[in-house]
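Thanks for coming. I have a few minutes on one structure, so please look at the screen and follow along.

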Amino acid sequence: KAIGNELGLAESSYNLALTRAKELDRRISALGTEEQTRVKEAPWFAAIRRDSSATFPELRIFQPGGPLHDALLDVLMAYAMYRADIGYVYGTHTIAGLLLLNLSPAASFIALANVFNRPTPLAFLVHDVGAIGRTHALALNMLRHKLPALHAHLTTALKDQLSPEDWLDPLFRTLFTHRVPVDVASRVWDVFVFEGDKALVRAAVAVLGALESRLYGSRAEVLELLGWEGHVWDLREEEFMAVARGAGKADKGTA
């Protein structure tokens, strides 16, 4: 309810998109390897199957044979068909997984589509350079007020080695479902769906604050901790949310 349904989607919208996806998937499977390379949806479906295994692996429910594996594939394939202009983008799998922990496949599809209709999530989904840059600027400004030493290290000491995209995009593109424990990600979403995109900026600063002591190293060390590859962070839910709330108070005009 908090996410809303401005797109006016219904369960029939999901069923129609899923039917189209499964029919196309069957046709692709019948093609030879070389013919498959000429079908734009083929790599989408292959990536969806690959990434399902990396969706909250600690829960062991989205992997092949798990109780929500097929549902995750269905939602992701249906969304790829619904937004065929975008297709499948890495990071969508964990967002869909978080929704499926709480909703039916059809409701997850509707929520996913409407979440990606919000300005910040849409910007990272379609790689809108201008909008992404503005989000980075908001996060950096808040970081400068809240954690000036870390801001200086990431933006000055490592200026020629790191860009904000390197260490902020894994957070924003996945809407804090990547490397964030499920309980913490759920709390971030509780705030996000009610308060809007500004909550994502505060959450980014909270992540950096929680990991600050380990972020004063080299480019490789920073990316090992904040990049796309790595283990789930050990974040304590209540402490993390307190930091997120404090980030918003650091500079009320930032977000």
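I will start with the lining of the largest pocket, whose residues divide into 11 nonpolar, 3 polar and 2 charged. Keep in mind that this is a predicted model. The space in this pocket comes to about 390 Å³. Among its 16 lining residues, Ile3, Leu99, Leu103, Ala111 and Val193 are the closest to the centre.

Which helices each supply at least two residues of that lining? They are helix H5 (92-100), helix H6 (105-115) and helix H11 (182-195). H11 gives the largest share, with 5 residues.

Next, the second largest pocket, with about 260 Å³ of space. It too has a lining of 16 residues, and Ala54, Pro57, His178, Arg179 and Gly230 lie nearest its centre.

Now helix H8, residues 129-146. Its 18 residues, at 1.5 Å a residue, should span 26 Å, and because the end C-alpha atoms are 25 Å apart, the two values agree. At the start of H8, Asp128 has a side-chain oxygen within 3.2 Å of the backbone nitrogen of Gly130. The buried residues of H8 are Ala131, Ile132, Thr135, His136, Ala139, Leu140, Met142 and Leu143.

Last, the annotation. An unreviewed UniProt entry gives "domain: Rab-GAP TBC" for residues 1-196. Over residues 1-196 the chain is 66% helix and 0% strand. The end C-alpha atoms of that stretch are 14 Å apart.

That is all I have.

Definitions and conventions: Residues are numbered from 1 along each chain as its sequence is written. This is a predicted model: local features need pLDDT of at least 70, side-chain atom pairs count only at pLDDT 80 or more; totals for chains, interfaces and linings use all residues. Side-chain values use heavy atoms; hydrogens and water are left out. Helices (H or I, at least four residues) and strands (E, at least two) are DSSP runs, numbered from the N terminus. The expected span of a helix is 1.5 Å times one less than its number of residues. Buried means under 20% relative accessible area, exposed over 50%, partly exposed in between (1.4 Å probe, protein chains only). A polar contact is a pair of N or O atoms within 3.5 Å; within protein, one must be able to donate a hydrogen and the other to accept it, and residues adjacent in sequence count only if both atoms are side-chain atoms. UniProt positions are given in the numbering used here, feature names are shortened, and annotations may be inferred rather than shown by experiment. On a 1 Å grid over the protein atoms alone, a cavity is a set of points where a 1.4 Å probe fits but cannot get out, and a pocket is an open set with protein on both sides within 12 Å along at least five of seven lines; lining residues have an atom within 4 Å of a point. Grid points are joined across faces, edges and corners, and a volume is the space filled by probe spheres set on the points. Ala, Val, Leu, Ile, Met, Phe, Trp, Tyr, Cys and Pro count as nonpolar, Asp, Glu, Lys and Arg as charged, and the others, Gly among them, as polar.
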